[in-house]
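Trainee: I am new to this structure and would like to learn how to read it. Could you take me through it feature by feature?

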Amino acid sequence: MLSCGATWAQASVPSTKTTVIYFGQQRAEEFELKIKPLFLEKSRPCKNCEIVNYTPYNKEGDVDMEALQERIESLPAGTSFVFFDFNFRINDDNRAVLELLNKKADSGLVVVGTAGAPKPSEASGPLSRTLLGQTHGAIIIGELSERDRLMPTAFYGPEMLTALRPPKEIMGQGYGPLIFAANLAESWSKRSADDWVEYLKTKKMKSRKLWLDLNDMF
């Protein structure tokens with residue numbers, strides 16, 4: 001279980017590994033019990049794949065969104081790509097996070113994330129107004145319901161690479177984008193970071209399918 005102290009802010013990750021840096025809204029316990037095991041299961045053929053929870057937490061163990069900018073600034077050396085397990089609307093209070101993330105993306109960082117959904121009290125809206133929707137080159141993955149339709153409460157728009165329908169046993173729990181991240185990690189060594197973004201965007205552009213599935217991309 002990780003804390004948000006200065007030690008982790010300066011941590012270095014071995015470059016021989018495919019390391020996914022995870023940002024989420026769950027408590028650390030949920031990451032260890034649900035997120036990490038599913039990632040490792042779906043990327044099982046890759047013995048060097050790992051996912052590191054870099055979510056900032058406060059003293060009570062709750063997610064500290066105010067510390068998110070600092071965490072993005074101090075990504076560990078050897079990071080392969082980052083995975084955001086949430087998304088939010090951009091406003092004046094969080095615009096600095098977007099600017100920093102774009103600075104990192106322009107320097108070669110690959111950003112992968114879920115299309116996400118607004119707060120329960122808010123209506124759905126376009127991805128173009130969200131953190132990931134405005135992040136340069138972001139690979140955004142949505143989730144499909146059992147009828148292969150987008151979740152009605154999720155953010156939507158052409159910025160989304162594709163949407164996936166997760167296995168029935170985890171349907172409706174928001175794990176489709178995580179499964180994509182695990183598959184990307186497993187195949188990561190086949191291409192450079194810049195090539196992956198271009199490759200996936202080209203796959204989408206040339207496909208006649210409404211939604212690419214994992215076999216189309218990996």
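**Reading the model together**

Mentor: Gladly! Let's begin with one residue and its surroundings. Leaving aside neighbours within four places in sequence, Leu150 is in contact with Glu143, Leu144, Met160, Ala163 and Trp211. Keep in mind that this is a predicted model.

Trainee: Where is Leu150 found?

Mentor: Look in the loop between β5 (139-143) and β6 (160-164).

Trainee: Is Leu150 buried, partly exposed or exposed?

Mentor: Partly exposed, because its relative accessibility is 30% and that class runs between 20% and 50%.

Trainee: How confident is the prediction, in terms of mean pLDDT?

Mentor: The mean pLDDT of the protein is 89, and 91% of the residues reach 70 or more. Take care with residues 1-14, where pLDDT stays under 50.

Trainee: How should I read the nonpolar residues?

Mentor: The general idea is that nonpolar side chains tend to be buried together in soluble globular proteins. Here the largest nonpolar core has 31 residues, and those touching the most other members are Phe39, Ile51, Phe81, Val112, Ile139, Leu178 and Phe180.

Trainee: Which element gives the most to this core?

Mentor: That is α5, with seven residues. Now look at Phe180: beyond four places in sequence, its contacts include Val112, Ile139, Leu161, Leu200 and Phe218. Apart from this core lies another, of 28 residues, with Phe23, Leu75, Leu100 and Phe155 among them.

Trainee: What about the aromatic rings?

Mentor: For a pair of rings, look at the distance between centres and the angle between planes. There are 11 aromatic pairs in the whole structure. Phe86 and Phe88 are stacked, because their ring centres are 6.0 Å apart and their planes lie at 20°, with under 30 degrees counting as stacked. Trp188 and Trp196 also form a stacked pair, 6.5 Å centre to centre and with 10° between the planes.

Trainee: Which residues do ring pairs link into a cluster?

Mentor: Phe81, Phe180, Trp188, Trp196, Tyr199 and Phe218.

Trainee: How many disulfides does the structure hold?

Mentor: It holds one, joining Cys46 to Cys49 with 2.1 Å from S to S. The link between Cys46 and Cys49 is right-handed, with 90° about the S-S bond, and both cysteines are buried.

Definitions and conventions. Residues numbered from 1 in each chain as written. Predicted model: local features only at pLDDT ≥ 70, side-chain atom pairs only at ≥ 80, totals over all residues. Heavy atoms only, no water. Helix = DSSP H or I, 4+ residues; strand = E, 2+ residues; numbered from the N terminus. Buried < 20%, exposed > 50% of the residue type's maximum accessible area, 1.4 Å probe, protein only. Contact = heavy atoms within 4.5 Å. pLDDT = per-residue confidence, 0-100. Disulfide = S-S within 2.5 Å. Core = buried A, V, L, I, M, F, W, Y, C linked by side-chain atoms within 4.5 Å. Phe/Tyr/Trp six-rings, centres within 6.5 Å; stacked < 30°, edge-to-face > 60°.
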